[in-house]
Amino acid sequence: MRISGTVIADAETIIDDGTVVTADDRIVAVGPRSELRERYPDHPERQFDIVAPGLVGAHIHSVQSLGRGIADDKELLEWLFDHVLPMEAALDEAETEIAAKLGYLECLESGTTTVVDHLTVDHSAQAFEAAGEIGIRGVLGKVLMDKDAPDGLLEATDDGLRKSRKLIDRYHRTHDDRIRYAVTPRFAVTCSEAALRGAREIADEYDAVRIHTHASENRDEIETVREETGMRNIEWLHEVGLTGEDVVLAHCVWTTEEERDILEETDTNVVHCPSSNMKLASGVAPIEEYFQRGITVGLGNDGPPCNNTLDPFTEMRHGSLLAKVDQLNATALPAKMVFEMATRNGAIASGFEDVGALREGWKADLIGLSTDATRTTPVHDVLSHLVFAAHGDDVVFTMVDGEVVYDGKITTLDGDAIRQRARELAASAEY
Ligand SMILES: [Zn+2]
């Protein structure tokens with residue numbers, strides 16, 4: 001297929017009248033439209049206003065999607081322990097499946113083609129099945145919680161690790177390597193040392209399995225870890241093996257100089273979730289310092305109960321605006337940098353080396369956008385447009401692994417049926 005428009009190949013490379021040529025799951029050429037029309041005359045052409053790499057949601061919770069709006073205006077630990085964890089504990093197999101499908105549907109409709117997805121303790125297989133079926137690219141993981149967890153989520157250490165291995169054996173690198181696994185301790189507060197060290201052991205046993213956890217989101221969390229271990233949170237994670245280039249740490253809002261040194265020296269990936277950090281009043285992560293240190297920082301929406309959407313465009317906008325108001329500096333976290341976070345950096349964090357930019361030989365993961373809306377008229381600068389003016393609704397076409405999964409409507413599943421079932425389940429739920 002030839003996919004044409006103003007092509008944003010990456011944050012540095014914009015082709016005004018360009019084309020991306022795809023064949024099977026790969027991009028075979030990127031360049032000026034007239035040239036590629038001559039070289040690939042038999043490929044059918046689609047025309048969009050903007051063609052961009054698919055965005056990477058480097059920290060989401062698809063299975064929290066049925067809990068959109070259940071716990072607004074709450075402090076993090078109250079939000080988590082009194083609302084979100086009881087909701088997760090209440091999810092049965094069918095609800096987990098619909099929640100995951102609803103989350104992935106929202107992602108694909110709004111331009112996210114790859115996710116790093118923090119699932120829940122039980123029924124995680126439903127999310128792997130859903131991701132496989134709907135066509136999203138993802139690194140998914142069942143959650144480990146073996147201490148200080150509420151009823152319904154607490155699990156014996158060995159059970160959690162054994163079930164993680166089972167899921168890896170069943171789903172890791174399936175669907176032509178579109179679906180991968182991340183060992184996923186919830187956070188240090190609800191995981192024993194044995195669980196955290198066990199996560200590292202599992203990741204080391206398998207090729208391309210990642211580790212994904214929350215870290216240093218909130219000051220109460222850090223205090224709890226300090227009381228239990230005598231260390232700062234990142235220092236503790238480092239001590240038990242949960243740092244390194246295969247580790248994805250969501251948040252990292254409250255870190256000391258010494259902890260930033262650890263993140264830098266170990267090439268640990270950080271994921272910034274600005275909407276969640278604002279809504280839960282967690283604080284402002286030092287993103288530009290992480291950038292200056294060469295730490296890879298991706299972007300994530302976190303979950304629908306703390307955002308309350310999975311729209312990646314809102315997240316880019318919030319990321320930039322939050323940095324500017326925090327530093328009282330309008331040049332902070334400019335559009336180019338935040339776009340880089342939402343694309344290439346997220347791809348590096350997720351471990352998919354050949355996504356996050358439109359390059360010859362790379363995976364055909366891309367989106368087409370319309371600029372017809374009044375809100376998006378006129379367009380002077382496409383990167384500014386994507387970060388500060390566009391919404392997920394402007395995405396009209398989504399391709400993952402060369403497959404058109406969204407073309408005005410989702411092509412792989414029945415989107416209306418998913419939304420309807422989600423409404424019914426939420427109406428009868430007790431959370
Ligand atoms: Zn999270």
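Select P378. P378 sits in the loop between strand 14 (366-369) and helix 14 (382-389). Helices are DSSP runs of H or I with at least four residues, strands are E runs of at least two, and both are numbered from the N terminus. Now show the backbone from T377 to P378: the peptide bond there is cis, with omega near -5°.

A word on the model before moving on. This is a predicted model, in which local features need pLDDT of at least 70, side-chain atom pairs count only at pLDDT 80 or more, and totals for chains, interfaces and linings use all residues. Residues are numbered from 1 along each chain as its sequence is written, and side-chain values use heavy atoms, with hydrogens and water left out.

Go to N307 and N308. The peptide bond joining N307 to N308 is cis, with omega near 10°. N308 belongs to the loop between strand 13 and helix 12.

**D302**

Stay in that loop and select D302. D302 too lies between strand 13 and helix 12. Its phi is positive, about 60°, although D302 is not a glycine. Is D302 buried or exposed? With a relative accessible area of 3%, D302 is buried. Buried means under 20% relative accessible area, exposed over 50%, and partly exposed in between, with a 1.4 Å probe and protein chains only.

**The zinc ion**

Select the zinc ion. Which atoms coordinate the zinc ion? They are H59 (NE2), H61 (NE2), H214 (NE2) and D302 (OD), at 2.1 to 2.2 Å. Donors are N, O and S atoms within 2.8 Å of the metal (3.2 Å for Na, K and Ca); water is not among the atoms, so sites may look incomplete.

Check the angles next. The four donor atoms subtend 90 to 171° around the zinc ion, so the arrangement is irregular. Four donors count as tetrahedral if all angles lie between 85 and 135 degrees; four count as square planar and six as octahedral if opposite donors are over 155 degrees apart and all others between 65 and 115; anything else is irregular. Ideal angles are 109.5 degrees for four tetrahedral donors, and 90 or 180 degrees for six octahedral ones.

Along the chain, the donor residues follow the spacing H-x1-H-x152-H-x87-D. H59 is in strand 5 (residues 55-60) and D302 in the loop between strand 13 (297-299) and helix 12 (312-327), so this pair ties together parts that are 243 residues apart in sequence.

**H59**

Select H59. H59 is buried, at a relative accessible area of 0%. Show its contacts, leaving aside neighbours within four places in sequence: among them are V116, H118, H212, H214, V271, C273 and D302. Contact means heavy atoms within 4.5 Å.

**G67**

Follow the chain to G67, in the loop between strand 5 and helix 2 (76-90). G67 is buried, with a relative accessible area of 0%. Not counting residues up to four places away in sequence, G67 touches M87 and P305. Draw a distance between the C-alpha atoms of G67 and M87: they are 20 residues apart along the chain and separated by 7.2 Å.

**Helix 3 against helix 4**

Show helix 3 (residues 93-109) and helix 4 (residues 124-134). Their axes come within 8 Å and cross at roughly 40°. Axes are lines fitted to C-alpha atoms, for helices over the stretch in contact, and angles run from 0 to 180 degrees between N-to-C directions. The crossing of helix 3 past helix 4 is right-handed; that is, the near helix is turned clockwise from the far one by less than a right angle.

Helix 3 contributes E93, T96, E97, A100, K101, Y104, L105 and L108, while helix 4 contributes Q126, A127, A130, A131, E133 and I134. These residues divide into eight nonpolar, two polar and four charged. Ala, Val, Leu, Ile, Met, Phe, Trp, Tyr, Cys and Pro count as nonpolar, Asp, Glu, Lys and Arg as charged, and the others, Gly among them, as polar.

Select H123, in the loop between strand 6 (112-118) and helix 4. H123 has a positive phi of about 60° although it is not a glycine. At a relative accessible area of 31%, H123 is partly exposed.

**Last stops**

Select N269, in strand 12 (residues 269-272). N269 is buried, with a relative accessible area of 2%. Its contacts beyond four places in sequence include R210, E245, T296 and I348.

Finish at R37 in helix 1 (residues 33-39). R37 counts as partly exposed, at 40% relative accessibility.
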